[in-house]
Amino acid sequence: MREGWEFKKINEVCEIKPSKKEAKELLSDTDLVSFVPMKTLGINQKYFIANETKELSEVSGSYTYFKNNDVLLAKITPCFENGKLGIASGLCNSIGFGSSEFVVYRPSDIVIPEYLYYFLNQQSFRDTGKTLMTGAVGHKRIPKDFYEEFSVPIPPLKEQKQIVAILDDAFAAIEQAQANIEKNIENAKELFQSKLNEIFSQKGEGWKEKSLGEACIVERGSSPRPIKKYITESEDGVNWIKIGDVAENAKFVTHTKQKITKEGAEKSRYVGKGDFILSNSMSFGRPYIMKIDGYIHDGWFVLRLPEDIYSDYFWQLLSSSFVKNQINQLAAGAIVKNISGDLVKKVNLSIPPIEAQKTIASQCDSLSLVIKSVISTYETKLTNLEDLKQSLLEQAFAGKLTCNEPNPTH
């Protein structure tokens with residue numbers, strides 16, 4: 001550790017969970033204060049933005065109190081592990097109240113909020129806290145003795161400010177690089193969709209325009225009620241296919257997490273190997289090809305293809321924005337959109353002769369591999385930039401950063 005630095009417990013350099021009496025002494029019950037639910041606390045966002053206000057009397061009972069320049073840390077899973085953390089700024093009447101799952105640190109005159117923010121943003125800090133969490137699954141929290149007594153290296157204030165300035169500049173450059181990479185990823189995806197749209201919107205010789213209902217058999221799934229009654233772990237059970245069984249970018253259904261009884265299956269819709277299933281709500285419009293047989297509930301459609309439609313071509317067609325945009329326009333619902341069987345059958349498709357379908361499917365697969373490779377390269381760069389952030393934080397709190405060091409992103 002550098003000369004002039006010393007380790008101190010966090011409760012020696014910060015007041016933890018300041019008393020609500022402060023707010024009540026400064027304001028009346030009808031005065032407005034900022035209200036900060038957990039969703040407001042950001043990730044990699046130094047100063048969170050509090051947009052909601054409430055009267056002091058509404059929040060002073062069960063919510064957590066803080067004021068400008070206090071540092072807030074989420075203590076419950078998964079918010080803690082995800083890095084929900086921020087400094088209070090611009091609060092209404094300089095005062096805020098928020099989730100009871102916040103730990104509030106009020107820095108003393110020997111530590112600045114921004115320095116503490118960066119310290120708490122270390123992955124190593126989150127990893128240690130995660131191993132100490134207690135409580136029921138889904139409600140685990142870091143223990144009080146951890147968040148009140150962990151040790152922090154405390155340099156002189158001048159050096160704290162220098163460290164914060166270096167990290168601010170480096171993180172701003174890294175975040176700009178990340179934004180550029182994320183834009184490149186979106187551009188690659190848009191390029192792929194543009195090529196698909198170009199292919200599937202053409203009308204070459206022998207191509208036919210058909211509705212989905214004309215091109216294949218479309219049937220909606222069905223569910224036995226109540227479904228819990230029919231879930232089984234018996235070897236005699238049959239595959240029960242849920243939306244959560246398949247990844248968003250997957251092509252095939254290869255397994256299920258649950259099975260239902262044969263009695264339940266009789267009240268459901270059967271799907272066989274080679275059939276397509278298409279979700280009709282939530283992330284609707286996602287097509288999958290069955291590699292197993294099983295039964296589907298009413299959140300799915302099953303599409304059964306005739307012999308003159310090539311499976312890989314059909315999957316590429318349904319995956320294209322050419323089709324997805326039509327489904328979006330036909331779907332109804334303000335919050336969760338749904339599409340009926342009658343409407344989904346109206347989706348327009350361009351169907352070429354079978355040999356052309358095979359050629360197009362092969363071309364699409366080749367293009368998809370190239371795009372996926374490009375995206376994978378960009379995603380690796382994003383991971384490397386996140387690793388760079390953590391490396392900088394480790395160097396900072398080991399006393400290895402100085403004002404004279406060049407910007408590490410150059």
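These legends describe views of one predicted model.

Local features need pLDDT of at least 70, side-chain atom pairs count only at pLDDT 80 or more, and totals for chains, interfaces and linings use all residues. Residues are numbered from 1 along each chain as its sequence is written, and side-chain values use heavy atoms, without hydrogens and water.

**View 1. The buried side of helix H6.** H6 spans residues 123–132. Helices here are DSSP runs of H or I with at least four residues, strands are runs of E with at least two, and both are numbered from the N terminus. Phe125, Arg126 and Gly129 of H6 are buried. They cover an arc of only 95° around the axis, so they sit on the same side of H6. The arc is that of the directions from the helix axis to the C-beta atoms. Buried means under 20% relative accessible area, exposed over 50%, and partly exposed in between (1.4 Å probe, protein chains only).

**View 2. The other side of helix H6.** Lys130 and Thr131 lie here. Both are exposed.

**View 3. The packing partners of helix H6.** The buried residues of H6 pack against strand S6 (71–74). They also pack against four helices: H4 (79–82), H5 (113–120), H7 (144–149) and H14 (354–397). Contact means heavy atoms within 4.5 Å.

View 4. The chain holds 14 helices and 22 strands. Of its 410 residues, 46% count as buried. Its C-alpha atoms fill a box of roughly 80 × 50 × 45 Å, taken along the principal axes. Among contacts with a separation of 6 or more, 78% join residues 24 or more positions apart.
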